[in-house]
Amino acid sequence: MTASHLLVPVPIPDRVAALIGSCIPPHILQAEFDADCAAREVRRFRGPRMGVEDQADREQALSELARANKVLAAHHPHLAVLPDSPF
């Protein structure tokens with residue numbers, strides 16, 4: 001029995017990734033990319049003392065993440081990206 005948080009991500013070959021990507025609609029791939037970038041941006045702005053500009057940038061990244069997650073969740077509910085997710 002394995003716990004999902006203990007699983008190690010395994011790299012896949014480029015040809016396999018291209019094959020998987022060709023089966024997914026382009027707007028879903030774009031939303032996945034946008035969600036991943038926004039989640040990384042949200043994780044960048046952490047800490048007890050953020051300036052006003054940093055708070056605004058974090059809120060902007062959260063809104064972009066929510067927008068991308070809305071597209072992903074409409075395609076499949078388990079595709080949503082969490083801001084605190086390590087993957």
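Mentor: Helix 2 crosses helix 3 in a left-handed way (the near helix is turned anticlockwise from the far one by less than a right angle). Helices here are DSSP runs of H or I, at least four residues, numbered from the N terminus. This is a predicted model: local features need pLDDT of at least 70, side-chain atom pairs count only at pLDDT 80 or more, and totals for chains, interfaces and linings use all residues. Residues are numbered from 1 along each chain as its sequence is written, and side-chain values use heavy atoms, without hydrogens and water.

Trainee: At what angle do helix 2 and helix 3 pack?

Mentor: About 150°, with the axes of helix 2 (residues 26-44) and helix 3 (residues 52-75) 8 Å apart. Helix 2 is therefore roughly antiparallel to helix 3 (an angle over 145 degrees, taken between N-to-C directions of lines fitted to C-alpha atoms over the stretch in contact, on a scale from 0 to 180).

Trainee: Which residues does A31 contact, sequence neighbours within four places aside?

Mentor: A68, V71 and L72, where contact means heavy atoms within 4.5 Å.

Trainee: What makes up the largest nonpolar core?

Mentor: Nine residues: I28, A31, A35, A38, A39, L65, A68, L72 and V81. Such a core joins buried Ala, Val, Leu, Ile, Met, Phe, Trp, Tyr and Cys residues through side-chain atoms within 4.5 Å; buried means under 20% relative accessible area, with a 1.4 Å probe and protein chains only.

Trainee: Which element gives the most to this core?

Mentor: Helix 2, with five residues.

Trainee: New topic: how far apart are R40 and D84?

Mentor: They are 44 residues apart in sequence and 8.9 Å apart in space, C-alpha to C-alpha.

Technical notes:
Helix = DSSP H or I, 4+ residues; strand = E, 2+ residues; numbered from the N terminus. Parallel < 35°, antiparallel > 145°, perpendicular 65-115°, else oblique. Buried < 20%, exposed > 50% of the residue type's maximum accessible area, 1.4 Å probe, protein only.
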